[in-house]
Structures are given as structure tokens and as C-alpha cells.
Amino acid sequence: MRNIVKFVLPLILLCTLFSGCDFSAGELKNRLIVQAIGIDRNEDGGVRVTLQTLNTEMTGNPNSGANPGDIVNSMTVEGKTIAEAISNASETVGKMPLLSQNRLLVFGRETAEQGLHGYLDYFVRNVQNRATVLVAVSDTTAEELVSAKMGESVLAADSIENILQAERFNSNIVNRELYNLVNKLDSDTADAVLPILRVGGEQEESKIQMLSAAVFQEDCLRYELRDENITALLLLSDEARSGVFTVKNALYASETVLRIQKCNTKITPTVQSGSVSFRVAVKLHLDIIENKTDNPFTVDKAFIAETQKQAEIYITDLLNRNLSYCFVQMQSDPFCFGMRFLRLHPRYYKANITDWKAVLPSVQYQVETKAKINRVGNGVENL
Amino acid sequence: MQNTPKISVWQLFAVLLLSRLLTLLTYTTLGAETMQNSDYFPSVVFAVLLILLFSVLLFVQMHRFPGQDLVDIAYYRSPAFSKCISVLLAVYFLAVALETLARLELFVSTVIFPNRQSAFLILICVAAACYAASLGIEALGRTGAVSLSLFAAAFLFIMFAMAEKIDFLNFSPMFYDGVMPSLTEGLRAATRSAEIVMFAAMLPRVSGNAKKAYAAWIAAFLFSSLTVFFFVFGGLGYFALTQLFPIHAVAVLSEISVFQRFDVLLTGIWILSAFVKISFLLYLVSAFLQKSFRASWKNRYIAVSGILISAVQIFFAGSFTGYFYTVGLWTRTIIFAVFTVLLPAIVLWAAKGKKGEKDKCETL
């Protein structure tokens, strides 16, 4: 008898506890599997939430012969709060929303300009939501971006995620995850940055591209950085991992395209004669990937030395311009220099600084760039 | 005195470390004062110093009454006194078991199954713990050692996966608001270390030099706490403090290549650790009641304790969980000091001289 119990009891426990089934929650095809969420502020103070969801009819039964439609669907719901709006979604489709698969959170431009704080709590509090979800701003409304169709079998949220993750090899792209945004919005010494995405192309097959980087002050979108200024942002934040830029070489009448192979930025905050100062040392390892010239010449040591020098001048100038623009004109610190200063000189900060933004115009900085060309590619002579 | 089954010092170390790591994993900012994240590092050092301070009488006990717990020592004074001490300690261990269960329930009901009742899981967990406790200390010692290995492996894996996400900018300056926040947090962490009382209770059941287990435990606690806080705050920064369970949040963040969401791994070892700790505490409750009351009722003591903590947790979950998380620091310190300082001091003082008399009688 005892042996039977020993055998049967584990079987019963195994069946009831380890089956992984939760019948009350319904089958996966009956869940609203959210891939992207768009948030737009309504004029009445409420919120308009656009959900991009997986078409579970198609993913669940692709060979049924019926026309199940696109791989993703989108729907827009309204409510006083995000939770209420998402809850309203189930009233429309009769499925329980599943947020754990969400990849993207998008805010409309107008919403971002008026402030994000009121819309973040739901995503921080909800245990289903990932802290690593990517956050972006739509150039127009979040609804337009989230409901953009990129083709019948294209997962739009997946494509947008790929675009943002291209930061690994394109220094004109910036991406930010939810936890990072919350950290920066909470900080008194740094401004949050989010990518701005734009929808273009045909209505049935939209193209999404990164337009610029939005810089926030407090929690409101204040200004944007574009193209090479995003490279500067990444370099000054020690986040640049790759990227391409072009320098002019007057001696050789050429334009040389350089790829950042490796980059390291060292920012040293100091207090010099009673004022805040930063020394920015950038070390670049570069590859020549193209030479554009009308007069062919042999790639020699002198050319490489001159190109290195031009690269150093270009990067130093780019960084100086951006520091001046952000610190002096915008009184903004998207590079987290304030966080570095606070960490290294907490006593000075506590005694002398009450508002980091007010100090920014008087901050001294010195940028030094060291560039080294490691590879010149396969060609020894320019064509 | 009957022949007590014993475990090795390293098995004791494993069980106690697992128990303290569970407290660390379930750390929450709920009810705690907000402070700069880097202040958590000195707070761990302060916690260790305070634990050593709270352990002074434990060292005296180990030196003067080797291989004896407080109930044995109180027996030198009188059997009735010994019974009182055993009941007090049993109640304390029952309360710690209840707190462990409350933490598990809060975790399960907010993170794992936010939309459903956690009563079933609690019942299963307590039933399993009762069964494990009934198997005795040797079985628990072996389970603790295996569980600690699993725990360490899983945790190292999560930390390794987190390494890439560490950003030193996330660390705030240390002691920016003075030393008091760190000291307060250190005291809070020290008063959560019921392992000192558990260690004192285990002295007659350990073979080998128990001081080694204590030294290894405190060193491992220091090292593991510093490591955990480094990865939590280096990875998540301020965001960690917005989460109910920051250490669980960091597991969500860790990923290697296509392997993501290691929180499932953490959840598994979390429940395993809670199971070992509750089993161990139920065993201690039963062991102390057995010493002073009917010894043959071992399984009944375990069953009644299990039913009691399940019932309290199921029927009064909200109020008890809330109490454990919001109880004031000074109340917690007083309760902790009663069992680590006051009670041992009374017992040691009461037994002073009596042991000598008894030894003399036995020699004659």
C-alpha cells in the first residue's frame, strides 16, 4: 500500500503542478499578444493607446486555407489612464492582453513635448512589462507609428526593434530601454534621450526610419540632435561602438571615409580655479573604407598621418560644437557629465551647486582626440 | 541526554547561508528609508559589524558551554526554566518561519501569479517543508548543501549575464547624505539575520568546529551581499529602487545571446531556498519542543507548526505581510536583541556557577 502511495502521489503532483497549463487564462491564441504599445495624450486629459498585436488566427493556423490577414493587427483604445485603456481593449476583442511579449513603447511627439512622467508608472509597476523594452518617440503620433503596416508578413515591432538595435554598427542611431529612461528622467544631473522615428512610404507598405534623437528636460521633449550630432552624443557618452564619417584631405584633394573600429572616451571631471571643468579624451581606432579623389595617389604613411590629423580635427570640432550647443545654448546635459562630476566631487557639488543646469553655461571643457588608422582596406592605390 | 543526530559544520554553513541569502534576495525597499544606492555597500559592512556585536554572547556560549544550546544551559538552573526557554525559542523560530512564508507569499502573489490566489502554493510549500522537517536534520543538511550549490550556480550565471550591462554612472556618490542612512540600513540588515539564533540552537547538532561555520558564513554573507548590490545598482541604477523586488528585477534584465529572462531561474532557486529555510525552522521548533516536552511527538509538533503558519498566512496574509514589511526598525531591533542578547545573557547568568556545581557532583 505504501509503495502504491509513493508511486501515485508523485504522479498526481506531477500532473497538477508541472503541467504548465492554466486553463482559466485561456489558450495562447485567445490572448491579445501585444508587440508594441503607442501612447498619445488626448485633449480631454485622457490617453489613446494603440496596440500592435500578433494575429493569433494566422500564427495559430497558417494552413487553414482561409484568409487570416496580416501577421500583426493594430487597435486603438481610449481611457482616462493607460491601464483603463488597455483594459478596454479586451472589451473590444474579447481577449486578455498579454504584455510580457511587448518589444516597444512609443510616445507621440505631442505627448513627449507635454511630459512623460504621467505615462510611465503603469510600465514600471506592471510585472508583465519588461524593464528592457525599447522606448521611442514618433515624429507624429504614436498611433501612426504603431499601426504602420510594413507588409503582410512583416512584424512591424520586430523591424523597429532592429532599426534601433542598429546602434551597434551605426553611430547615427540611438536606442534607450525603459529602465534607462526612468533613471535619466529621475536624475537632476542628466537629461534623457530617446530616438524619434518617422513613418514614410506607401500606406500599405510603410517605411520606418530614425529621424533624430530627442533630448528631454525634466520629462518634456525640448530639442533634437540629428545625424553627426548623434555621433557626438554617443562619443561624449562613451557609447559609440561603430559608425562612419568623412574627412576632407586638402593636401591630397580627397575625401576619405573612415569607419570607427573601436572607440574609447574618457571624461575626467575636475574643479579648476573654483569652476567645474571636464577633460574629454577620445581614442579612435579607424579603418579607411573609401577614398574619393579625382587624382589617384598611392596610400602612404604621409597620407595616413594627414588623414589621422584631419580625423582628430573633425571629431574635436564636432564634439566642441555639440558641447557648446547643449551646455551654453540649451542648458542641457544629455551626455551625463553632471552624473560623472557628482560621483567624483560630491562634496564640491553639495557645497556649491544647487541647479546643475544653471552651471552648464559656465562649464569649462577641453576635448582631445587621438585617432589611429589601423587598416586601409584592400587597395594600395586609389582609383 | 539522548544521542542527537548531527550534521557537519559545512552543512550547517550551507543551510544558514541559504537562509540569509533568501533574506537578501527578498530585499525590498518597501518600508525602508530611501537612500543613495552606493550607501548600500557600507551598509553591508556595518551589518556585518553589528552581527558580530550581536553575536558576542554566542561566542561566550560556545566558549563556556561547548556543544550546548540555550535550553541545555538553562537546564543547569532548573527544568522549568529550560522549558520556558525552549518555548520562547520555538515561538521565535515559528515567527521567523511565518515571516519567510509571508515574503514568499508576497513574491508569488505580486510577481509570479499576480492575478490569482497564492493559497494553493503556500499549502504545497508548507506541506513539503513539513515532510522535509520530519526527515530530520541530516536530510536537511544534505538538501541545504545541494541547494546552495544550485543557488550559487544559478546566481553566478545571472551575474555573468549581467556583467555587460554594468554602468558605473549608475552608482551614486557614497555617503552623500552622511553616514546615518548606511548605519540605519546596516542595522536593518543585521536585525534580519535570525541565523545567529539558529546557529546557537544548532550547536549540539553539529560535529566539528562550529566557529569555522560561523566565520565562513559571515564572510560569505559579506561577499555575496556586496556582489549582489554591485550588480543590482550597477545594472539598474535608480530603477532598482522603484521595484518591489530589485534583485528579481535585475534577473529580468540579464541575458546572454538568445537566452533571456533569467528571472525564471531566480524564481526557482528562490522557492527552493524558502522551502529549505522553512523546513529547517520547523525542524528547530520541533527539536526544542521535543527537548522539553514529549519527545515522541516530533511529527505532531511539525504538523501543528505547519498548519499554524499556513493558516495565519492564508487567513491573515494581508495584515501579516504588511506587518513584516512595515514594522519599525526599533521594534525589530528590540525583538532581535531580546533573542540574541537579553535571552542568552539571562540564561548564561542563571547558569553561572551551576554548571561548576553539577560538574563537581558528576566527578564525585
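Student: Where is the place of A:Asp238?

Tutor: This is a predicted model, in which local features need pLDDT of at least 70 and side-chain atom pairs count only at pLDDT 80 or more, while totals for chains, interfaces and linings use all residues. Residues are numbered from 1 along each chain as its sequence is written, with chains lettered from A and ligands numbered from 1 in the order in which they are written. Helices (H or I, at least four residues) and strands (E, at least two) are DSSP runs numbered from the N terminus, and on that basis A:Asp238 has its place in the loop between helix H9 (228-236) and strand E11 (244-249) of chain A.

Student: Is A:Asp238 buried or exposed, or in between?

Tutor: A residue is buried if 20 or more other C-beta atoms, placed from the backbone, lie within 10 Å of its own, exposed if 12 or fewer, and partly exposed in between. A:Asp238, whose phi is positive at about 55 degrees although it is not a glycine, has 18 C-beta neighbours inside 10 Å and therefore counts as partly exposed.

Student: Which loop holds A:Ser273?

Tutor: A:Ser273 is not a glycine either, yet its phi is positive, near 40 degrees. With 6 other C-beta atoms within 10 Å, A:Ser273 is exposed. A:Ser273 is found in the loop between strand E12 (254-272) and strand E13 (275-293) of chain A.

Student: Which elements give two or more residues to the side of domain 1 of chain A that touches domain 2 of chain A?

Tutor: The bounds, from an automatic or database domain assignment, are 26-226 for domain 1 and 227-383 for domain 2 of chain A. Counting two residues as in contact if their C-beta atoms, placed from the backbone, lie within 7 Å, 19 residues of domain 1 meet 20 residues of domain 2. The elements on the domain 1 side are strand E9 (206-217) and strand E10 (220-225) of chain A.
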